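Colleague: Could you take me through one part of this model in detail? I would like a close look at a single helix and its surroundings.

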Amino acid sequence: MLRRVTRAIRKELRRGDSFYRYGGEEFLAILPEQSIEQGASVMDRVRMAVERLRIPHSHSASLPYVTVSIGVAELSSGSAGGTEGWLGRADRALYAAKAHGRNRVETERSLETLGRSHRKNPEKEAPASSPEGREEQPQ
């Protein structure tokens, strides 16, 4: 199952992109010279590619198939906290994607927007970047 997911992800990446297993069921993709918006678009294609595999997921109550939740953060020369800060922002975005229904892509910028909108109106939900109520791993 993990190999099928990995192949599907790699097919969506460019030649110069890097892709690593980062923990148990988590992965890290590095997409050089792309804006956060471009990176989020690539990762949404990755999300859809994994969903299309329709790999049975016996440990899930919400969907019978494996899906991915993805957090995207940007690292540039002026990024706060360097590499550790970047990984932390990506991790927070990943957990936001899981918290907002799984099988979706969240960016560090969507978290900033969500934070502002929740301070103004706590009842408002952030718009979904992908279908709601979906499944989980691998991330």
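Modeller: Happy to! One term before we start: two residues are in contact when they have heavy atoms within 4.5 Å. Please keep in mind that this is a predicted model.

Let us take helix α2, which runs over residues 36-53. At 1.5 Å a residue, its 18 residues should span 26 Å, and the end C-alpha atoms are 26 Å apart, so the two values agree. Just after α2, Arg54 takes a positive phi of about 50°.

Several residues of α2 are buried, among them Ile36, Gly39, Ala40, Val42 and Met43. The buried set also includes Asp44 and Arg47. Leaving out residues up to four places away in sequence, Ala40 touches Val72, Val105 and Thr107. The C-alpha atom of Ala40 is also separated by 7.6 Å from that of Glu106, although the two residues are 66 apart along the chain.

Of its 32 lining residues, Val72 is one of the closest to the centre, together with Leu28, Ala29, Gly71 and Ala90. Helix α2 supplies at least two residues of this lining, as do β2 (27-30), β3 (70-72) and α3 (82-99). The most comes from α3, with 5 residues. By class, the lining has 22 nonpolar, 6 polar and 4 charged residues.

Key: Residues numbered from 1 in each chain as written. Predicted model: local features only at pLDDT ≥ 70, side-chain atom pairs only at ≥ 80, totals over all residues. Heavy atoms only, no water. Helix = DSSP H or I, 4+ residues; strand = E, 2+ residues; numbered from the N terminus. Expected span 1.5 Å × (residues − 1). Buried < 20%, exposed > 50% of the residue type's maximum accessible area, 1.4 Å probe, protein only. 1 Å grid on protein atoms, 1.4 Å probe; cavity = no way out; pocket = protein on both sides within 12 Å on 5 of 7 lines; lining within 4 Å. Nonpolar A, V, L, I, M, F, W, Y, C, P; charged D, E, K, R; others polar.
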